[in-house]
Amino acid sequence: MEKLKVNRDEIPWQQVYDAAEGIRHRVMEHTIKNNGGYLSQACSSAEIFAALYLKILNLEAVENPILPGKFQGVPGHNNPNHITGANFHGKKAPQYDRFFLSPTHYSLVLYTALIEAGRLDPSGLQEFNKDGGVVEMIGADHSPGMEIMTGSLGQGISQAAGIALGRKLKKETGRVVVFLSDGECQSGQFWEAVQAMSHHKLDNMLAYIDINGYQCDGKTETVMTIEPLDKRLESFGARVFRVDGHNVEELVALGNVQPDGRPTFILCDTDPCKNMDILKQRIPKLHYVRFNNEEERNQYREVYEKLKQGLK
Amino acid sequence: MEILTKVHAKNLVKWAEDKPEVLVLSADLTGSTEVDSFRDTYPDRFYSMGIAEQNMMSFAGGLAREGFKPFIHTFAVFIYRRAYDQIAMSIAYPNLPVTMFGFLPGIMTPGGATHQAIEDISIMRSLPNMTILECGDATDVESVLDVANSVNGPVYIRMLRGEIPRLFPATEAMELGKSRLITEGSDLVLLTSGICTEEALRATEVLKARGLSIHHRHITTLKPFNDGAVIDAIEKTKYGVITMENHSVIGGLGTIVAEKIAEKGIGKKLVKIGIQDTFVHGASKQFLMKEYSLDAMTLISEIEKLVGLELNIKEDDLTEPYVVEVHSKAKVEAL
């Protein structure tokens, strides 16, 4: 694995695509090993995460990949030892971006992206969902790459908005970047947040939404329609772009747009089975992959082995 | 009795002058929660969040993470009922210094069940990291800001507005975790909070004249609840303890004291005066205090039962209550 280069502009596009494939590959490996995982989320968002960590986010480089520590207790008056997962993003400074994952069922995708970016030691993934560890299945503030509590959907963007206003008041130049899933755009709090971001002109906010079209119950349009999401967001006063969420060049170009007084939303249309055709057999139940039997698991093993050879 | 108007409105502006980190967030109840003067004095530190409390709570958590001290102002019901998950995960879990000013506690509004916070202490005290304070007079309202600001974590305040009596000298500020001793006495312990302290004081003189010796304390810190003076008084008292609160008898002051008595193994009887596990309706404070047995006459009858005496006290023997007009100029609406 190549170490993160300091100058993001010099990273070739192919390296970003390779990192995206690496994310899919690692999440698949894990899903097979643990007989379960959020695999379709990795397929839909791999390019977005690879683009964010390798090209878009202005984060301090880390010297060496970091090993996750042990769980040190929840925050509280009597716990000075509580740890944050934000150190995987380097130190906080006015000029650096801050990145927040809103849908925490994407945590495994985040962890593998951190590995691809040279920020998390690959062996850290062995801690995944292990008692007493911090590499939790549904990440919390102490998990690698996480800083705030976002698993209750809708709360991530509001907290990020508060942080964005705070950073503006302190005249910090770094941006607040949020990754969202499409399902959470159904929640009232999401829309409360968008109207507040527009009203208070939080143009230091950049949100990437993974529109893979599926949620826990099945196809999003059968659960609760969110489209036309671009028009809805625009009518709330946001600046909206809609792109192919697997096109790294486009994702990166939009990550460099100049602020214009409005919060920016980048709607990423994605395929939850991207580069993993075997997943299509499970449509519309894509939210969580658990194998029905050993035979199915073996089919995934075969695909995994082929992918592994393709990556070499 | 000295009655003051718009205590919080005036006090907050003065208090916040040298505290640029203090930001006020309002959900379309700016005049109603007495932060209009703050807004006009410090427009750059006032943020209108609209009728969108869930976002307001999480947003405040974000601001607190950046070193600011958000002061949330709205009616109490819209804090804990409408945005509980947001308080729990965006504020309480990370132990962030967000102060929530909850107005219209209990029966303080003719706005009815939708506006009456009757179970807020019960709900908020079960949240880890949360500190809960309650104001009972103008001195409490003035000094609660320093108390809340001294806590490095979330604080929920049951707040008063409009016309408020001054029961305690302005120089005797509220202290975290310390109750106020009103009278010493050995027959029974009376623990009152919020507006119930003023109501209980109406009966003090006549009870004394009838020969009762009451250890009366005004409680302002509901969580954490570890004032040794309260426990000492309960251990020493003759007949038992009466709690009196503008809140449901489930989960508030009465429950807190019951837990303490049980934990300490003190074999004393406890009488809980409060809202008896029922919703309330829209009517005046005086009417509701009588209807739901939160008044001084209820206190007297409970004391009679506890000590086994007939005191023969009538309403006329009590000190007159101060009645705030529904359309008092000290508040922006009749709510």
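Trainee: In which sense do strand β10 and strand β11 of chain B pair?

Mentor: This is a predicted model, in which local features need pLDDT of at least 70 and side-chain atom pairs count only at pLDDT 80 or more, while totals for chains, interfaces and linings use all residues. Residues are numbered from 1 along each chain as its sequence is written, whereas chains are lettered from A and ligands numbered from 1 in the order in which they are written. Strands (DSSP runs of E, at least two residues; helices are H or I, at least four; both numbered from the N terminus) pair if DSSP finds at least two bridges between them. Residues 188-193 (β10) and 214-219 (β11) of chain B form 6 bridges, and the sense is parallel.

Trainee: Which strands stand at the edges of the sheet in chain B?

Mentor: The open sheet has 5 strands in the order β9-β11-β10-β13-β14 of chain B, with mixed pairing. Each edge strand has a single partner strand, so one side of it is left without a neighbour in the sheet; these strands are β9 (180-183) and β14 (269-275) of chain B.

Trainee: At about what angle does helix α9 of chain B run to β10(B)?

Mentor: Helix α9 (228-236) lies across β10, β11 and β13 of chain B, where contact means C-beta atoms, placed from the backbone, within 7 Å. With axes fitted to C-alpha atoms (for helices over the stretch in contact) and angles from 0 to 180 degrees between N-to-C directions, the angle is about 145°.

Trainee: Which helix gives the most to the side of chain B that touches chain A?

Mentor: The contact takes 25 residues from chain B and 25 from chain A. On the chain B side, α3 (53-65) and α5 (84-92) each supply at least two residues, and the helix that gives the most, with 9 residues, is α3(B).

Methods:
Two residues are in contact if their C-beta atoms, placed from the backbone, lie within 7 Å.
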